[in-house]
Amino acid sequence: MSGKASISQSSTGFGSGALSHVYIKHPPLRCSIPGSMGLFYDDGTKLLISTTSTQVFSWKTVPFSPLAAPTTDSISEGPILAVRFSLDEKLIAVQRSNSEIQFWLRETGETFCQKCKSESESILGFFWTDCPLCDIVVVKTSGLDFYSYDPASKSLTLVETRKLNVSWYVYTHESRLLLLASGMQCKTFNGFQLSSGGVIRLPKFEMLMAKSEANSKPVLADEDLYIVTVYGRIYCLQVDRVAMLLHCYRFYRDAVVQQGSLPIYSSKVAISVVDNVLLVHQVDAKVVILYDIFADSRAPISAPLPVLLRGLPRSNSSTSRSNGRESENSETSNANYHETIIYGDDWNFLVPDLVCDVANKLLWKIHLDLEAISASSSEVPSVLEFLQRRKLEANKAKQLCLAITRTVILERRPVNMVGRAMDVIVTSYSLSIKTGSYFKGTKAERRPTGVPNVNNPEAGTDVSVSQTDGRGKSIKFESNSRHNSGLINRSSTYSASDSEDTGSSEPLKTNLDDTPETQPSSLQPQTLGPVNNLVNHDVLEQQETQLATPAISPDEMYKFVFAPVDEEMVGEPSYLVAIILEFLRSANVEKVKVHPNIYVLTIQLLARSERYAELGLFIINKILEPSKEVAFQLLESGRQNPQTRKLGLDMLRQHPLHNDYVLLLVQDGYYLEALRYVRKHKVTGVRPSLFLEAAFSSNDPQHLAAVLRFFSDFIPGFRNTTDFCAYYRVLSEMNGTVNA
Amino acid sequence: MGLASVNPSSEGLQLCIFDLRRGQHEGQELDKILFFYPADLPFSTQLSVTGLSEGLITFTRIFSPEAACEVIEAERHSHVFYEPEPDIWMVMVVEKSKEAEAIWRTDALREVLKEVHSLFMMFHGSIRALLDKEPGGGLTRSHLYPFVMDYLRDIFSGKKLQLPSFHDCLNERRTVQMLTVGREAAIEVQTLVRTLESSAGNTHCFSLILFQDLLVSSTLPPEDTINLFTYAVLRLTPRALSSGVSSWSYLRKGYSSSQVAGGSTFAHSGSVAEQFSGSVAEQFSGSCDTSSGDDRYRVVRPLQNDRWSKGKDGFLITDIWGTEVGDLDLATPTVWLKHTEARMYLCAYQYKSLTVIFLIPVNSILNGEQGVSMEKQKFLENASLKILKVEEKLSKGWGGENAYHVSGYRYLLVDSNRAISRASPAGKVTTLTKESLLALHMLRDEVDLEKGKNKWDHKAHDKDLEMCIRAKNNAWVIARITGGKELYMVLEKANEKLLYASDAVEKFSDRYCNGAFSLD
């Protein structure tokens with residue numbers, strides 16, 4: 001099926017009313033507990049926590065499953081300001097007041113307390129950390145306390161204290177970044193990164209705040225600050241309500257650099273990150289704007305559109321795209337979902353990609369609709385770039401890329417533009433090879449029979465890596481971040497913009513242990529949209545859902561782009577040749593090996609339009625690299641054109657494929673030349689009868705004698721074979737007739 | 001200047017084109033002759049040349065209807081025959097001079113005839129078609145004369161005829177010389193070719209790309225490629241253009257002619273043309289000089305020297321095809337392709353050493369010159385960046401005039417399958433002694449004979465051939481033919497053993513010919 005169909009289908013599928021780029025999918029995780037008094041999200045352990053007066057219910061949100069069952073822990077009665085599980089989930093810490101935190105050992109139920117020493121300071125909050133210095137950090141108005149937990153004595157030990165004035169703070173476990181606000185306007189910040197490598201203190205910096213009037217000074221609030229992790233880089237986004245801008249800061253080890261601003265269209269905004277795409281929810285306007293801040297460009301990926309609720313059974317048709325599989329999963333008790341209000345007042349956005357509907361006690365996961373995003377832009381190379389960067393739904397992104405590429409070729413878009421698209425695909429593949437992520441995906445893939453697996457050797461080593469580690473995720477994540485910085489340096493269009501990365505300042509990276517999005521298991525089969533239906537189903541099955549990257553290998557380019565396009569394309573094939581050339585150009589620049597089947601196809605295309613002279617140039621200049629397959633295709637196409645056939649013969653000789661070459665020489669009647677070749681290259685396994693037959697049919701006794709003589713010398717014991725006897729007799733008869 | 005200066009050479013060469021279907025009746029024999037050089041020869045002499053030729057053709061046709069007479073070797077002259085179109089014959093008579101300089105190889109001379117005719121066809125279509133158009137023959141004559149004379153002018157150097165003699169036996173006319181490029185550059189070139197093609201949309205365009213005087217890429221079939229390549233090297237490449245920088249003035253040309261090293265282009269023009277307009281014009285209707293008034297036919301002279309120049313936009317321009325009526329723009333040249341039998345606009349674009357020629361079918365452009373300039377505009381928009389890139393890539397890999405010199409060897413490599421040849425640079429060939437060259441000349445003659453025999457024996461079957469001779473000056477002169485590829489080689493100062501010579505060939509073959517001649 002064609003890629004063309006896929007794009008048009010996706011755009012019609014959404015219609016005008018139901019268009020969206022981001023969706024949440026029914027069913028949500030329901031976390032309603034009778035007698036619930038508070039709902040918390042612990043981003044360190046990624047647990048959603050609901051508390052009653054004596055119990056703590058916790059749901060795992062990674063991997064996200066609507067059917068997740070809560071774990072229950074009992075605690076003593078009392079006020080609960082905050083709840084956080086230790087990273088190993090052995091302890092529960094509950095903030096009881098602004099001066100006291102209580103700890104439970106989950107195994108034994110033992111408990112101990114930690115209180116502020118002085119009356120003047122109060123606890124703003126706390127979090128667990130995996131930095132080697134300490135286990136838990138308590139943020140107080142007077143500064144930070146670093147405690148380590150001693151399992152033996154079951155108590156906390158104060159390791160270090162930092163004296164600072166703190167108005168409020170922001171921390172995400174994902175970034176390990178702690179920002180402490182101070183000052184009149186709360187716009188002066190101290191920053192720490194509590195990474196597994198140690199505590200890094202960032203330089204003090206100030207946020208931008210526009211003034212509305214001369215005298216009024218707006219105060220920055222903690223809900224206006226977001227720490228965002230994309231592509232392994234850490235950004236801070238700050239809402240400037242007066243200027244209606246979202247300022248963007250990037251954190252480096254020794255500097256904080258403002259990197260542009262994004263406009264906002266709502267007094268209330270929220271930020272999510274899905275698969276390294278920044279989602280700025282304009283809550284009042286009930287729309288979301290997507291940014292891919294990989295590049296320097298701060299232009300949104302697509303137009304602002306609302307978030308869609310998908311998969312509601314029996315819902316009003318305009319908003320749902322339910323299909324059979326999804327409704328099977330759903331349970332019947334969903335009367336209240338019908339009232340789900342998108343961007344309702346009760347929506348809480350959790351880091352990085354969750355939404356909690358506090359009123360209805362529902363937890364939604366935010367998804368990107370890659371299909372809709374890619375359909376919304378006609379700038380194909382940049383769409384492909386965007387898709388190639390997606391890791392979360394790699395398979396889907398890959399299928400989309402293939403479909404888009406097919407479509408642009410079938411639509412015969414300008415060669416330059418398609419050429420840039422090829423650049424994107426090849427560059428991405430080359431990077432995935434270098435980082436090894438390509439093989440991570442393909443090792444699970446069962447290759448179709450008959451197609452040689454180019455990637456075997458590397459895949460072997462890769463298996464060993466991923467098997468040894470319980471921390472396999474970390475390795476993968478690290479490779480991802482390397483991947484990213486690599487991309488910056490490589491992609492020429494953006495190199496200038498992100499040059500800081502390679503400069504003196506070392507960018508702050510997220511910690512290695514933390515792999516929020518790269519879980520392949522979060523790729524549920526249901527999330528695959530209709531695009532996949534367009535691709536051969538056997539393809540899907542082979543690739544399963546294990547892809548780590550949407551990178552497309554040259555072999556896949558052939559199988560899923562060039563070959564199908566060739567079948568479907570009508571008219572002059574020279575356009576497709578032009579596209580393949582662009583592909584070869586990219587592959588050559590990136591030093592990517594191209595499978596001979598692409599060369600074979602090129603020969604077929606050129607021969608079909610009888611452009612043999614050009615075909616000759618392609619071969620002589622080695623644009624089509626020599627191989628056995630290419631040689632045989634030349635011989636095949638050379639049936640109509642002797643010059644082309646000769647090229648094939650030459651290639652056989654040079655490759656060298658002695659037996660095939662000799663056989664063809666004999667077929668063409670050059671048996672004496674073939675014999676000379678046999679002698680020179682000591683080709684074994686030739687059948688004397690072929691040569692004898694050929695010499696016999698030439699009706700020249702001298703030739704026949706020469707051939708007989710040759711084999712008598714060349715093959716020991718040839719004189720005793722039936723061939724020799726038969727042709728010796730023939731020869732003497734011939735001589736007899738000649739003499740007579 | 002004038003007649004006197006030309007006379008000696010004119011004795012050395014006679015060239016005539018005649019049509020056997022014309023002038024069948026007694027007294028009308030002159031009507032057969034479509035072209036004769038020298039034109040000032042008395043008719044009786046002209047008729048005796050054509051009469052002898054016709055007699056021989058008629059006689060030999062009895063034995064070999066398909067291929068009549070090829071050559072007559074008389075004591076003092078050689079007559080070389082070529083039948084480019086049915087019943088249209090070209091005959092070249094060259095004098096065998098006692099001075100050793102005038103030693104001709106008939107196949108090489110025949111290639112000259114082929115070249116003249118092919119080029120003529122490319123611009124004017126076939127002679128037969130012209131004759132059919134105007135049975136009187138005036139139209140044909142008025143086209144042939146200036147054309148062949150313009151062509152011959154290139155062959156005249158000073159007072160001497162520069163016909164291919166034994167000095168040129170390491171050259172092969174009617175082949176294309178290619179630039180060897182690396183894979184990366186080749187891909188760039190091909191993407192440029194595709195860009196040109198796609199910028200033309202649906203119309204089927206062709207392109208030809210040259211770097212210096214070497215072909216880089218062509219989408220034309222071999223025959224048309226050779227013709228266009230020949231024309232480009234004669235008139236369009238930067239070297240061809242710069243030879244004409246001296247002056248646009250017709251009068252001053254005579255003695256300011258510059259000779260270009262390498263021997264391919266000679267711009268000594270004045271004398272022949274003058275001789276011509278003096279004597280020929282009266283005899284045959286139609287003047288060869290378009291500027292002079294009384295032409296019945298508007299004759300385009302594509303081979304006229306120094307009429308091409310580079311325009312501001314990088315396109316090469318010429319006034320040969322005249323100007324559009326009521327328009328200041330120069331008319332775009334057109335050529336006729338043998339392969340598609342279609343007339344094409346020829347647009348040539350030059351950037352530094354790179355010459356890009358693209359051909360647009362005339363019938364695909366409805367509004368004439370305006371349409372062509374629109375196509376040129378599109379060309380610039382789509383391809384100029386790529387052209388920059390390709391030129392840069394090719395310049396980087398360009399090894400200069402002597403790029404294909406292989407030290408110790410003087411060679412000629414011909415791939416007759418693809419009509420490609422490569423030879424030692426001319427400057428290096430001149431270091432060979434006369435003995436070596438004469439020996440090679442003899443060898444080639446011998447090979448030509450064998451090849452000719454073979455051609456009639458088995459049409460499809462290539463025969464392998466190897467000859468190796470030791471010349472008087474102890475040089476090895478070698479010819480090897482296999483699978484349609486030919487290698488000629490002179491090894492001077494070589495070891496006396498035959499094994500040495502054979503090793504040398506082997507080494508050369510392995511290194512420069514992908515082992516094509518290494519068949520033991």
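Predicted model: local features only at pLDDT ≥ 70, side-chain atom pairs only at ≥ 80, totals over all residues.
Reader: Let's start with chain A: of its contacts with a separation of 6 or more, what percentage is between residues 24 or more positions apart?
Author: That's 56%, where a contact means heavy atoms within 4.5 Å. Residues are numbered from 1 along each chain as its sequence is written, and chains are lettered from A and ligands numbered from 1 in the order in which they are written.

Reader: And what's that percentage in chain B?
Author: In chain B, residues 24 or more positions apart account for 62% of the contacts with a separation of 6 or more.

Reader: OK, how many helices and strands are in chain A?
Author: Chain A has 22 helices and 29 strands. Both are DSSP runs numbered from the N terminus: helices are H or I with at least four residues, strands are E with at least two. Chain B has 14 helices and 19 strands.

Reader: How much of chain A is buried?
Author: 57% of its 740 residues. Buried means under 20% relative accessible area, exposed means over 50%, and partly exposed is in between (1.4 Å probe, protein chains only).

Reader: Which way do the residues of strand 23 of chain A point?
Author: Val269(A), Ile271(A) and Val273(A) point one way, Ala270(A), Ser272(A) and Val274(A) the other way, and all are buried. In a regular strand, side chains alternate between the two faces of the sheet. Because six of the six residues of strand 23 (residues 269-274) are buried, this strand is largely enclosed by the rest of the structure.

Reader: What does strand 23 of chain A join up with?
Author: Strand 24 (residues 277-282) of chain A: the two run antiparallel and are joined by six bridges. Strands pair if DSSP finds at least two bridges between them. Ile271(A), for instance, has Val280(A) as its bridge partner. The hairpin has two residues between the strands, and Asp275(A) takes a positive phi near 50° there.

Reader: Which other residue in chain A has a positive phi, say near 60°?
Author: Glu89(A), which isn't a glycine. You'll find Glu89(A) in the loop between strand 7 (82-85) and strand 8 (91-97) of chain A. At 23% relative accessibility, Glu89(A) counts as partly exposed.

Reader: Switching topic: how many salt bridges are there over all chains?
Author: The count is 61. A salt bridge is a side-chain nitrogen of Lys or Arg within 4 Å of a carboxyl oxygen of Asp or Glu. Take Arg420(A) and Glu379(A), whose side chains meet at 3.5 Å, N to O. This pair links distant parts of the chain, 41 residues apart: Arg420(A) is in helix 6 (residues 415-435) of chain A and Glu379(A) in the loop between helix 3 (370-375) and helix 4 (380-388).

Reader: How far apart in helix 12 of chain A are Lys559(A) and Asp555(A)?
Author: They're four residues apart in helix 12 (residues 554-568), so about one helical turn separates them. Asp555(A) is buried at 5% relative accessibility, while Lys559(A) is partly exposed at 23%.

Reader: What about chain B: which residue does Glu188(B) form a salt bridge with?
Author: Lys393(B), with the closest N and O atoms 4.0 Å apart. Glu188(B) is in helix 6 (residues 183-199) of chain B and Lys393(B) in helix 11 (residues 368-397), so the pair ties together parts 205 residues apart in sequence. Glu188(B) is buried at 4% relative accessibility.

Reader: Last one: what's the mean pLDDT of chain B?
Author: It's 81, and 82% of the residues of chain B reach 70 or more; pLDDT is the predictor's confidence in each residue, from 0 to 100. Over residues 1-10 of chain B the pLDDT is below 50, and this stretch has 15 contacts in the model beyond near neighbours in sequence. Residues 244-295 of chain B are also below 50, with 79 such contacts. For the complex, the predictor gives an ipTM of 0.85 and a pTM of 0.79.

How values were computed. Heavy atoms only, no water.
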